[in-house]
Amino acid sequence: MPVSVPISSTTRIGLIAGFEAYDHLAETVGLLDELAFDSLWVGDHVAFTSPILDPMIQLAQAASLSARLTIGTAIYLLPLRPPAVAAKQAATLDHLSGGRFVFGVGVGGEFPTEYEACGIPVSERGARLTESIDVMRLLWRGEPCSFEGHFTTFHDVHMQPPALTPGGPAIWCGGRSQAALSRIGRTADGWISYVVTPEQYRAGLATIGKAADSVGRKLQRLGTGHVQFVRMGATREAALDAASAILSKRYAMDFRRATERYCALGSSADVLAQLQQFHAAGVRTFILDFLGTPAEQALQLKQFGAEVLPEMRAF
């Protein structure tokens, strides 16, 4: 099945950071600059199975540590926050980064207790996300505006300054359901996938294209991102064992079958082959999550930079 939406011809490589104190984040950013990675991303949860920082604050720090890296959320659970507050924070990051911020947003829902803690019904998360995108883009203009929606209503609000990027930061949406993919086609600037196969990614792009066509939207170019778990090792089986243990603990469930299906595992050649399949399916922004202790992650990152990254530049 051919890719059904216009995408970039340039491959970009990024890293997703975890819970990192200042010194560790500074070291990570420095290493990414040294290895000529393109971007740094962080995830988001209000409450999770392991420690996680507020992504907007963490990215503000990252933006001050590098003058070249694109920074982004992968992904920010927008329905948990008032959209005007999220718009203000995103516009601020847009300014602090010099326009290097990509706002990846989504609904989550795998951990309903964080929705409960924020006073938001899980059943409303999709509708809230769609409306919040409209609210933010309106406020980012920096002009007096009003909005009347199902969840948000305001009159004569003038948020200043406007976003640095005309129209506001690029909004890339996460998700793999039919509803999420259709939303991307109707409203988003890009897609960030997670735990999908290359075949599912290719099919997802086709769904996005059909949704865009259904509302008469002419996509100029769609950002195509993918969060990819990676565990490098001498053998695929050893890498599978290590990655499965880490992800099972992270998600508080048996993740071995999913690890085998969705992770890039093994030698540099094995990992490169998996990433090549995603590139053929349409991914142009790879967001890599190296699994292991901080020391293991650093070793994998350096090995990847030396042995895999040069080959990916030739994609």
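Colleague: Which residues line the largest cavity?

Modeller: In this predicted model, the lining of the largest cavity consists of Val195, Val196, His226, Val227, Gln228, Phe229 and Tyr262. Residues are numbered from 1 along each chain as its sequence is written. As the model is predicted, local features need pLDDT of at least 70 and side-chain atom pairs count only at pLDDT 80 or more, while totals for chains, interfaces and linings use all residues; side-chain values use heavy atoms, without hydrogens and water.

Colleague: What makes a space a cavity or a pocket?

Modeller: On a 1 Å grid over the protein atoms alone, a cavity is a set of points where a 1.4 Å probe fits but cannot get out, whereas a pocket is an open set with protein on both sides within 12 Å along at least five of seven lines; lining residues have an atom within 4 Å of a point. The structure holds one cavity of 30 Å³ or more, and about 30 Å³ of space lies in the largest cavity. A volume is the space filled by probe spheres set on the points, which are joined across faces, edges and corners.

Colleague: How do the residues lining the second largest pocket divide?

Modeller: They divide into nine nonpolar, eleven polar and nine charged. The second largest pocket contains about 540 Å³ of space. Val102, Ala170, Trp172, Asp189 and Gly223 are the closest to its centre among its 29 lining residues. Strand 2, strand 5 (101–106), strand 8 (170–174) and strand 10 (223–232) each supply at least two residues of this lining.

Colleague: How do you know what span to expect of helix 1?

Modeller: The expected span of a helix is 1.5 Å times one less than its number of residues. Helix 1 (residues 22–35) has 14 residues and reaches 20 Å from first to last C-alpha, close to the 20 Å expected. Helices (H or I, at least four residues) and strands (E, at least two) are DSSP runs, numbered from the N terminus.

Colleague: Why are the buried residues of helix 1 placed on the same side?

Modeller: The buried residues of helix 1 are Leu25, Thr28, Val29, Leu31, Leu32 and Leu35. They cover an arc of only 160 degrees around the axis, and therefore share one side of helix 1. The arc is that of the directions from the helix axis to the C-beta atoms. Asp23, Glu27 and Glu34 are exposed on the other side of helix 1. Buried means under 20% relative accessible area, exposed over 50% and partly exposed in between (1.4 Å probe, protein chains only).

Colleague: Which elements do the buried residues of helix 1 pack against?

Modeller: They pack against strand 1 (12–17), strand 2 (39–42), helix 2 (55–65), helix 11 (294–307) and helix 12 (309–312). In helix 2, Pro55, Met56, Gln58, Leu59, Ala62 and Ala63 are buried. An arc of only 155 degrees around the axis puts them on the same side of helix 2, while Ile57 and Ser64 are exposed on the other side.

Colleague: Why is serine 39 called buried?

Modeller: Serine 39 has a relative accessible area of 3%, and is therefore classed as buried. This residue of strand 2 touches Ile13, Gly14, Leu15, Leu32, Leu69 and Thr70, not counting residues up to four places away in sequence. Contact means heavy atoms within 4.5 Å.

Colleague: Where do isoleucine 75 and proline 161 lie?

Modeller: Isoleucine 75 lies in the loop between strand 3 (70–73) and strand 4 (76–77); a cis peptide bond with omega of about -5 degrees joins alanine 74 to isoleucine 75. Proline 161 lies in the loop between strand 7 (153–157) and strand 8, and glutamine 160 is joined to proline 161 by a cis peptide bond, with omega about -5 degrees.

How values were computed
Nonpolar A, V, L, I, M, F, W, Y, C, P; charged D, E, K, R; others polar.
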